[in-house]
Amino acid sequence: RYTAQIIGADEQTDIAVLKIDETDLPYINTGNSDSLHVGEMVLAIGRPMSENLAYSVTQGIVSAVGRSNVGLADYENFIQTDAAINPGNSGGPLVNINGEVIGINTAIFSRSGGYQGIGFAIPIDRARRIAGELINYGEVRNAWVGLSVQDITPSIAQYFEYQSSDGVLVAQVVADELGMTL
């Protein structure tokens, strides 16, 4: 156990930067989450449910990358995995087969509160950007252009007689920072 100073924290992503005044601490290498592909094998490491289950490891695959519209946060870009992630695993690493951290386990989708094969991790490349913002500015400065968008589904494309599934549909335009919509 070490005493740590909180450099910054972001409630939206549940990520914090801590400073520990120690040397020669063990560490794990990080990978590149931007180059992940669906079907890659991953391991989720954590402490599900209680201290008694510390250092649990589960295996799965990357089910999706860039997953959004999950309803967990305002800014979503998750790695979806079927590796078992349960309550208590948040903050643990999602590791690739090279033993590199490619995500931070953060949430599950569950009707019962337990594992149902749908877990989410914050991509490590996004976590690095968040950490940089916290170190440099003390907060995460997310850009906001005043638009609410949604993916173009096949039914939306058909409705608008759009011949592609590329792009996004602008669902709402926000007039000002007070949240007044047009």
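A polar contact is a pair of N or O atoms within 3.5 Å; within protein, one atom must be able to donate a hydrogen and the other to accept it, and residues adjacent in sequence count only if both atoms are side-chain atoms. In this predicted model, local features need pLDDT of at least 70 and side-chain atom pairs count only at pLDDT 80 or more, whereas totals for chains, interfaces and linings use all residues. Residues are numbered from 1 along each chain as its sequence is written, and side-chain values use heavy atoms, with hydrogens and water left out.

The protein has two helices and 10 strands. The order from the N terminus is β-β-β-β-β-β-β-β-α-β-α-β. Of the 182 residues, 31% are buried. Buried means under 20% relative accessible area, exposed over 50%, and partly exposed in between (1.4 Å probe, protein chains only). The accessible surface comes to about 12,100 Å². Carbon and sulfur atoms hold 50% of that surface. The areas come from the Shrake-Rupley method with a 1.4 Å probe; for residues, only the protein chains shown count as cover. Contact means heavy atoms within 4.5 Å. Among contacts between residues at least 6 apart in sequence, 46% join residues at least 24 apart.

The largest pocket has a volume of about 810 Å³. Its lining numbers 25 residues, and the closest to the pocket centre are Ile28, Thr30, Val101, Ile104 and Ile124. Two or more lining residues come from each of strand E2 (15-20), strand E7 (101-108) and helix H1 (124-137). E7 gives the largest share, five residues. By class, the lining holds 15 nonpolar, eight polar and two charged residues. Here Ala, Val, Leu, Ile, Met, Phe, Trp, Tyr, Cys and Pro count as nonpolar, Asp, Glu, Lys and Arg as charged, and the others, Gly among them, as polar. A pocket is an open set of points on a 1 Å grid over the protein atoms alone, where a 1.4 Å probe fits, with protein on both sides within 12 Å along at least five of seven lines; lining residues have an atom within 4 Å of a point. Grid points are joined across faces, edges and corners, and the volume is the space filled by probe spheres set on the points.

Two loop residues illustrate local contacts. Thr13 lies in the loop between strand E1 (4-10) and E2. Thr13 is buried, because its relative accessible area is 8%. The Thr13 side chain makes a polar contact with the side chain of Asp10 (2.6 Å). Beyond neighbours within four places in sequence, Thr13 is in contact with Thr106, Ile122, Arg126 and Ile130.

Ser90 sits in the loop between strand E5 (78-81) and strand E6 (93-96). Ser90 counts as partly exposed, because its relative accessibility is 45%. Ser90 and Asn105 are 15 residues apart along the chain, and their C-alpha atoms are separated by 5.0 Å. Not counting residues up to four places away in sequence, Ser90 touches Asn105 and Thr106. The Ser90 side chain reaches the backbone oxygen of Thr106 at 3.1 Å.

Backbone angles come last. Most residues other than glycine have a negative phi. Asp24 has a positive phi, near 60°. Asp24 is in the loop between E2 and strand E3 (41-46) and is exposed at 79% relative accessibility. Glu161 also has a positive phi, near 55°. Glu161 is in the loop between helix H2 (154-159) and strand E10 (168-173) and is exposed at 65%.

Key:
Helices (H or I, at least four residues) and strands (E, at least two) are DSSP runs, numbered from the N terminus.
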